[in-house]
Amino acid sequence: FELELLDKVREGGVWGVQETLNMLQDGRLHTVVVPWTEAPDVWITSSGRVAATMEEAEALRPGEEVAQVRLIEVLTGLVQASGTILEFAEGAAEERLNMDFGGMAGLTRW
């Protein structure tokens, strides 16, 4: 199932940690796909915006404090807030997600 989902992402989705996080937080994803075992660390601002890097977090919210967290620690809240379906990729699908899609991907709502 996960490999088919990644095929759909390739046809019309988004990938890469930052692009996927932005779309997720803007409520623009129907489904988000993350690795089962190798989820990355991310950065969260004091107002709750999540970014792939400290630099991106600082650019998104200048002047706010940022902290490094594990993606898995904030992911549940992000998907619940946006009504997005969360899918974990395992095995061959996880390897493909990391190699071809930058470690995170999503299907857009529209």
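This is a predicted model: local features need pLDDT of at least 70, side-chain atom pairs count only at pLDDT 80 or more; totals for chains, interfaces and linings use all residues.
Biologist: How many residues does the largest nonpolar core have, and which have the most contacts inside it?

Modeller: Such a core joins buried nonpolar residues through their side-chain atoms; here the largest one has 18 residues, and those with the most contacts inside it are Leu-21, Val-42, Leu-71, Val-74, Leu-75 and Met-104. At least two of its residues come from each of helix H2 (17-25), strand E2 (29-35) and helix H4 (71-82), with H4 giving the most, namely five residues. There is also a second, separate core of ten residues, including Leu-5, Val-9, Ala-89 and Leu-107.

Biologist: Where does the side chain of Arg-96 reach?

Modeller: Arg-96 lies in helix H5, which covers residues 91-100, and its side chain reaches the backbone oxygen of Leu-3 at 3.4 Å. If neighbours within four places in sequence are set aside, Arg-96 is in contact with Leu-3, Leu-6, Asp-7 and Phe-101.

Biologist: What pattern does the chain follow along the sequence, and why is it described as compact?

Modeller: The five helices and seven strands follow one another as α-β-α-β-β-β-α-β-α-β-α-β. The radius of gyration is 13 Å, close to the 13 Å that the globule rule gives for 110 residues, so the chain is as compact as a globular protein of that length. Of the contacts between residues at least 6 apart in sequence, 74% join residues at least 24 apart, while 42% of the 110 residues count as buried.

Definitions and conventions:
Residues are numbered from 1 along each chain as its sequence is written. Side-chain values use heavy atoms; hydrogens and water are left out. A nonpolar core is a set of buried Ala, Val, Leu, Ile, Met, Phe, Trp, Tyr and Cys residues joined through side-chain atoms within 4.5 Å. Buried means under 20% relative accessible area, exposed over 50%, partly exposed in between (1.4 Å probe, protein chains only). Helices (H or I, at least four residues) and strands (E, at least two) are DSSP runs, numbered from the N terminus. A polar contact is a pair of N or O atoms within 3.5 Å; within protein, one must be able to donate a hydrogen and the other to accept it, and residues adjacent in sequence count only if both atoms are side-chain atoms. Contact means heavy atoms within 4.5 Å. The radius of gyration is taken over C-alpha atoms; the globule rule is 2.2 Å times the number of residues to the power 0.38.
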